[in-house]
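Here is a short report for a reader new to this structure. Take a look at the model, then read on.

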Amino acid sequence: DQAVRWYTGELFLYRTLNSTLRNQHDINTIFKLRLIIHDLLFSLQREQRSQESKNHHSWTVYRGASLD
């Protein structure tokens, strides 16, 4: 689940991805980041299924914070 860790850290990826997604007209950059977006989505979906199987139907996420 490195995609979530990369995204939530104070890294270039967080700033770049957020900026690109806010400016949806920058389709070229979105296309370049498509694999990262896919990995992030897949990791979040896997985490959601894991939480649902533990009967945790809602949870709060804080960027950069561990939720152990």
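## Basis

Helices (H or I, at least four residues) and strands (E, at least two) are DSSP runs, numbered from the N terminus. This is a predicted model: local features need pLDDT of at least 70, side-chain atom pairs count only at pLDDT 80 or more, and totals for chains, interfaces and linings use all residues. Residues are numbered from 1 along each chain as its sequence is written, and side-chain values use heavy atoms, leaving out hydrogens and water.

## Overall fold

The protein chain has 4 helices and 0 strands. Its elements run α-α-α-α from the N terminus on.

Of the 68 residues in the protein chain, 19% are buried. Buried means under 20% relative accessible area, exposed over 50%, partly exposed in between (1.4 Å probe, protein chains only).

## Helix α2 and T20

Helix α2 spans residues 12–22. Its buried residues are L13, T16, L17, N18 and T20. Their cover includes α1 (2–8), α3 (27–32) and α4 (34–53).

T20 lies in helix α2. T20 counts as buried because its relative accessibility is 6%. Leaving aside residues up to four places away in sequence, T20 touches D26, T29, I30 and L33. Contact means heavy atoms within 4.5 Å.

## A charge over a ring

Which ring does the charged end of R34 sit over? The ring is that of F31, with its centre 3.9 Å away. The rule asks for NZ of Lys or CZ of Arg within 6 Å of the ring centre and within 35 degrees of the ring normal.
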